[in-house]
Amino acid sequence: MTSIPLEYFLIVAAALFLIGSVGFLLRRNLLVLLMSIELMLNAVNLTLVAYNRVYTESHTGQIFTFFVIAVAAAEAAVGLAIVLAFFRVRKSVRSDDADLLRN
Amino acid sequence: MEALKSQFPATSFSLLAIVLLLPALGAFVNGVFGKRLGKEGVRLMALSAIGGSFLASLLTFLMLPRGEDAEQGGRLVWTAWRWFSISGRMQQSIPIDVSFAVDGLNATMMLVVTGVGFLIHLYSSEYMKKDDGYHRFFAYLNLFCFSMLVLIMADNLALLFVGWEGVGMCSYLLIGFWFGETKNASAGRKAFIVNRIGDFGLLVAMSMLIYYLGTLRFSGIEAGATSLMAPVKIWPIGNLSPETLPSWAAAVLLPKQPVMVYASTLVGLAVFLGCAGKSAQIPLYIWLPDAMAGPTPVSALIHAATMVTAGVYLVARLGAVFILSPAAMATVAITGAATALFAASIGLFQHDLKKVLAYSTVSQLGFMFIGVGVGAFASGFFHVFTHAFFKACLFLGAGSVIHAMHVRIHDTDQSQDMRKMGGLAKYLPVTRWTFLISCLSIAGAPLLAGFWSKDEILWKAFSNEIVGPKGMSSLPPWAWPTWLGPAIYWVGILSATMTAFYMFRAYFLTFHGEFRGWTIVRGWKGPHAGHHHDEPHAEDDKALEGPVPHESPLPMTIPLIVLAAFALFAGFLKADPIHIEPLGHLLEPVFKTAETSIHERASAKGMEWIMMLPGFLAFVVGAGGAAFVYLKSDGAQEKAFIKSFPRLYKLIFDKWRIDELYDATIVGMVDALADIFEMADTWIVDGILAKLSAAIVGAAGTVLRAFQTGKVQAYSASMVIGLAGVGWFIVRPHAIASVDDSHLKQTGQVVVSAAPGFGYSYKWEGPGVIAAKDFSETRELKMELQPGDKKEVVLQVKNAFNGVDTQTITLARPGKRGANAAPNNAPPAGDLLPEGGKVVIPADKIPELIRGHQ
């Protein structure tokens with residue numbers, strides 16, 4: 001059985017991370033921003049499990065991934081709550097409008 | 001008594017702690033909880049604190065060493081703790097302890113402070129009854145007693161200084177007790193600032209004592225005082241000499257002989273500056289008359305009976321230092337005489353009853369300084385003792401009068417004005433009799449307390465001669481002129497005459513004649529409302545309007561009676577001419593060493609009784625003159641005097657305009673200095689410093705604000721850029737090496753180590769390098785260099801992405817080539833080397849190890 005080489009996983013993860021980060025930097029919709037963060041986190045997750053596939057003697061990578069997933073879930077919940085609260089105040093979900101402290 | 005003596009041995013006499021701590025406790029409780037305690041509670045606390053302190057002082061007094069013990073300088077000593085140590089000029093450690101020692105001198109003083117203090121506390125508990133600051137007043141008063149006890153019980157100058165400053169602070173607080181009026185607050189400030197000038201002198205004296213004697217303990221100062229006979233050059237100072245000065249300046253400034261004085265003179269004068277401040281002597285007396293702004297019991301306790309006598313106490317305490325310098329003694333005595341005369345002259349024309357008493361106090365303090373200045377320490381102190389009673393009695397009597405006047409006049413200044421009083425003897429019988437007794441006492445009526453003490457001082461001034469220490473140093477001491485004693489004596493007699501006159505003037509104006517206060521009733525509405533109170537109707541007391549002045553209640557009259565009793569009889573504690581002197585015997589051991597260089601002038605022998613006559617005549621003339629002018633002819637002569645010499649009268653009435661003189665000179669200079677500082681403050685501190693720094697911070701803010709967009713994505717973009725930079729750095733190879741050359745000088749060994757990194761491998765090249773040809777994991781390279789050697793090593797680093805970085809490291813060992821060929825200390829043959837084969841290279845000839853970058 002020939003396995004898929006590590007590099008493939010890394011390339012996919014890098015591509016995912018790039019999409020996520022570019023999306024985070026360029027998009028203005030807060031919901032999209034949250035999704036971009038999820039993308040980046042999942043790119044890291046993919047890297048971690050891919051390495052774990054090669055170095056099989058410990059499960060650190062997989063365990064770490066579970067932690068990341070848990071934190072990502074919590075973060076998504078908090079993030080959505082913030083977006084909801086923000087929408088109530090400004091009737092908008094654009095990150096540009098989040099400038100209450102500045103003005 | 002025996003049981004007590006075993007409980008409190010003389011070397012660890014902890015009873016003193018009770019004497020001290022009770023007033024401190026009173027001050028704490030009244031100060032912190034006073035408002036909640038209520039007036040009755042405050043009164044109970046304050047009176048029991050000072051009363052308990054008095055009982056403990058009495059016990060201390062009874063347990064004083066007597067007879068043989070006292071002759072050998074036996075004292076009651078209690079050391080609380082070691083305060084700090086300083087090092088002297090011989091590098092020796094000088095311990096400064098919180099330690100108290102009691103002998104006959106300060107045991108007597110303790111009794112006066114706590115005893116008179118208790119009576120005045122009792123008096124104040126009634127006098128201050130209607131005041132809102134009742135608890136504050138008693139907290140201050142107790143704190144004052146504590147500080148005063150620290151001052152007199154301290155066994156070293158440093159601790160005395162703590163008490164000295166403590167009483168100064170309490171005095172300030174109590175003078176400005178009614179700080180609502182600017183006049184009172186500024187009087188308090190004046191007292192505080194004038195005292196600071198004196199305290200400077202005391203600090204200087206302390207430093208000199210530490211320098212010359214290496215101790216601040218009174219016993220140590222007394223024992224080692226002769227070390228102060230060192231001559232000190234006071235002019236020219238520093239490096240002033242004909243070489244450093246232009247010739248005209250040298251001719252003016254430099255004397256032929258350098259001016260030399262004894263260290264004892266300097267110490268004596270510095271101490272006396274402190275005493276002049278605290279005890280209101282010329283030129284620092286100006287604060288005391290203003291201090292009368294405080295409540296009258298405060299004037300009685302602090303500014304008459306106790307605090308102001310601290311200076312006299314200190315001069316007496318340091319008598320062993322003063323007798324080493326006839327010049328300093330003469331300064332003390334002359335200043336005292338001048339102050340006595342000067343203040344008495346001001347007292348002649350004052351209208352304010354308390355002002356008369358204030359100048360009288362200054363004048364009497366002058367008498368005390370005459371006493372200690374002519375070497376009659378015991379007599380000077382005895383006057384402190386008797387003065388405490390009759391002057392406290394006079395002030396409390398004045399307080400009682402003011403208290404009575406207050407039913408008619410609700411104005412501080414008006415109620416103290418003697419022109420509004422008169423005829424009060426009818427309404428205030430107890431006050432009148434006690435006041436009369438104290439007047440007689442201070443005026444020197446025969447057999448009363450003031451007579452004995454004043455007469456003693458004047459006699460000693462007449463007869464004493466200070467014989468400076470002889471043959472101790474090359475510098476001839478200043479000789480005490482024979483005319484000085486008689487001169488001071490006659491000035492004293494003149495002052496005593498004035499004292500008798502102005503005291504009886506005050507007495508007759510206050511208690512005799514017609515009551516002149518009927519016309520003023522402020523804020524009182526009588527049965528005939530609308531009646532004009534301005535109309536003079538002093539013709540008879542049937543026409544009186546409003547409340548009648550009445551005698552003060554019992555808590556105020558009891559202190560008066562007790563003090564008057566002492567003013568009558570206290571003189572017999574030290575009546576030298578008739579040889580009844582228990583107090584004199586008690587003080588003898590204290591001044592034993594100090595009185596060795598005091599001699600009776602040969603020409604004054606056997607004149608003691610004759611010289612009492614002028615003193616007696618002073619009383620008769622002064623009191624009789626006052627009776628004639630103010631009792632018989634209702635002040636007609638005073639008015640005549642005012643008419644014929646209006647300007648002289650105005651000058652004396654304005655206190656010789658000394659305050660104005662100080663305002664114009666010293667205060668003016670200080671004000672000018674303050675103006676300069678204020679300009680510096682507005683222009684430099686506010687203008688440049690504050691505005692410039694504000695501008696810099698503002699500009700920095702403007703620049704930084706551009707980055708603070710408030711947009712999350714702008715922040716995250718900069719984060720991404722930064723992370724990319726870090727990533728790029730990690731991806732690139734870096735050939736960085738550190739060189740450990742700590743063994744270079746000894747063995748020539750050098751360790752070069754390359755910095756680690758992700759996936760790095762290393763390759764070393766260079767002359768004499770035995771290393772792998774290819775990249776390997778060897779991070780360290782060890783090399784040995786001979787003296788004078790210089791080698792270049794090339795380091796190549798390859799990282800995981802096969803990037804390569806190269807660096808050349810130059811290693812060099814200082815020294816002559818071949819001088820130390822063998823690193824193991826084996827000298828090469830034929831080479832002339834020092835023993836051991838080591839080459840000693842001067843440190844400055846070793847060049848730095850050279851490191852180069854490619």
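This text walks through a predicted model, from the contact between two chains to some individual residues.

Within chain B, B:Leu324 sits in the loop between α14 (319–322) and α15 (326–347). Beyond its neighbours within four places in sequence, B:Leu324 is in contact with B:Ala225, B:Leu228, B:Met229, B:Tyr262, B:Ser264 and B:Pro469. B:Asn106 lies 218 residues from B:Leu324 along the chain, and the C-alpha atoms of the two are separated by 23 Å.

The backbone also deserves a look. Most residues other than glycine have a negative phi, and most peptide bonds are trans. The peptide bond from B:Ile282 to B:Pro283 is cis, with omega near 5°. B:Pro283 belongs to the loop between α10 (263–278) and α11 (287–290) of chain B.

Two residues other than glycine have a positive phi: A:Lys91, near 55°, and B:Asn802, near 65°. A:Lys91 is in the segment after α3 (60–90) of chain A, while B:Asn802 is in the loop between β11 (790–798) and β12 (804–812) of chain B. A:Lys91 counts as exposed because it has 8 C-beta neighbours inside 10 Å, and B:Asn802 counts as exposed because it has 9.

Notes
Residues numbered from 1 in each chain as written. Chains lettered and ligands numbered in written order. Predicted model: local features only at pLDDT ≥ 70, side-chain atom pairs only at ≥ 80, totals over all residues. Helix = DSSP H or I, 4+ residues; strand = E, 2+ residues; numbered from the N terminus. Contact = placed C-beta atoms within 7 Å. Buried ≥ 20, exposed ≤ 12 C-beta atoms within 10 Å, placed from the backbone.
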